[in-house]
Amino acid sequence: MNIQSQAILADLKRPGSLSVAFACSPAEVREAQRLRYEIFAGEMAARLHTLTPDLDHDDLDEHCRHLLVRDNATGQVVGCTRVLTDRQAQQAGGFYSQGEFDISQILASPGRFMEIGRTCVRADYRNGATITALWSGLAEFIAEHDFDYLIGCASVPLGERGAGAHALFGDLAPRYLSADHLRAYPLNPLPPRDESAEARYSIPPLLKAYLRVGALICGEPCHDPDFQVADLFILLSTSNVERRYARHFMGRS
């Protein structure tokens, strides 16, 4: 695995502060994979296709950059996400999202794309500070490499017989649905909505973070049976990330 060294991108100067940086060694990548396993397999009971005990990994990992959030007091990795650029995706055979959605219309748009995925945060760090730290690292990477779009899959709970995911999409679509020419089509759509099922839902923190920085939802959700969730395809113009985070984290006007 060719992993280049990367300096710390953000250090939030307060007690119990967090720092965010890209992994610069295979050992650091394994820290991210171990956290992913703990949360996805241990907490979410996801069915992971891994060959290494206690690590969540797949064929895309070696093509990705892995962004880690650490607690400075303990050195523990408490959050992570991985970045797959358009150039790396060509080498990898495509984006992760293309295994769930037909996104050919979106990728036909001019500009550079980067995908984030496998995002997770340790349970006792699921707060605004950790998500903000991740976004600060992403904003720096976006600015350095001139990406135009950030894409990814945001997971939402299915609810009773998928009714929760249907209700969430129905409520968000009027405000956040993309234009017709920027649509993603699920390869494994949810079954039709069962009107007899209770349609309760909550919006996961990661999806809230996407929407707050101007992301669009690009169509109906896809059913992910391995993770027992529904995934929404997210498209974000990176100018929104830079505009909202650059001044605060990078001192840019």
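Biologist: How much space lies in the largest pocket, and which residues are the closest to its centre?

Modeller: About 990 Å³ of space lies in the largest pocket, where a pocket is found on a 1 Å grid over the protein atoms alone as an open set of points with protein on both sides within 12 Å along at least five of seven lines, while a cavity is a set where a 1.4 Å probe fits but cannot get out, and lining residues have an atom within 4 Å of a point. Grid points are joined across faces, edges and corners, and the volume is the space filled by probe spheres set on them. The lining of the largest pocket has 43 residues, and the closest to its centre are Thr119, Cys120, Ser155, Pro204 and Leu206. Two or more lining residues come from each of α1 (26–43), β6 (113–121), α4, β7, α6 and β11, these helices (H or I, at least four residues) and strands (E, at least two) being DSSP runs numbered from the N terminus. By class the lining holds 24 nonpolar, ten polar and nine charged residues, with Ala, Val, Leu, Ile, Met, Phe, Trp, Tyr, Cys and Pro counted as nonpolar, Asp, Glu, Lys and Arg as charged, and the others, Gly among them, as polar.

Biologist: What should I keep in mind about the model itself?

Modeller: This is a predicted model, in which local features need pLDDT of at least 70 and side-chain atom pairs count only at pLDDT 80 or more, whereas totals for chains, interfaces and linings use all residues. Residues are numbered from 1 along each chain as its sequence is written, and side-chain values use heavy atoms, with hydrogens and water left out.

Biologist: How many helices and strands does the chain have, and what share of its residues is buried?

Modeller: The chain has seven helices and eleven strands, and 52% of its 253 residues are buried, that is, under 20% relative accessible area, with exposed meaning over 50% and partly exposed in between (1.4 Å probe, protein chains only). Of the contacts (heavy atoms within 4.5 Å) with a separation of 6 or more, 73% join residues 24 or more positions apart.

Biologist: How do I read the cavities, and which residues line the largest cavity?

Modeller: Rolling a probe the size of a water molecule over the atoms shows where empty space is left. Here there are two cavities of 30 Å³ or more. The largest cavity, with a volume of about 60 Å³, is lined by Thr81, Ile116, Thr119, Ile131, Leu134, Trp135, Leu138 and Leu206. Both β6 and α4 give two or more residues to this lining, and α4 gives the most, with four; the lining divides into six nonpolar, two polar and no charged residues.

Biologist: Which residues line the second largest cavity?

Modeller: That cavity, with about 40 Å³ of space, is lined by Leu60, Cys64, Arg82, Leu84, Tyr96, Glu115, Ile116 and Gly117. The strand that gives the most to this lining is β6, with three residues, and the lining has five nonpolar, one polar and two charged residues.

Biologist: How do I read a nonpolar core, and which residues have the most contacts inside the largest one?

Modeller: In soluble globular proteins, nonpolar side chains tend to be buried together. A nonpolar core is a set of buried Ala, Val, Leu, Ile, Met, Phe, Trp, Tyr and Cys residues joined through side-chain atoms within 4.5 Å. The largest here has 43 residues, and those with the most contacts inside it are Met114, Trp135, Leu150, Leu207, Tyr210 and Ile217. Its largest share, eight residues, comes from α4. Apart from it lies another core, of 17 residues, including Leu60, Ala89, Leu182 and Ala184. As for Ile217, leaving aside its neighbours within four places in sequence, its contacts include Phe169, Leu172 and Tyr176.

Biologist: Is helix α5 largely enclosed or open, and why?

Modeller: Ten of the 14 residues of α5 are buried, so the helix is largely enclosed by the rest of the structure. What covers these buried residues includes β7 (149–157), α6 (205–212), β9 (216–217) and β11 (229–237). One of the buried residues of α5 is His166, with a relative accessible area of 15%; beyond four places in sequence, His166 touches Leu190, Pro191, Pro192 and Arg193.
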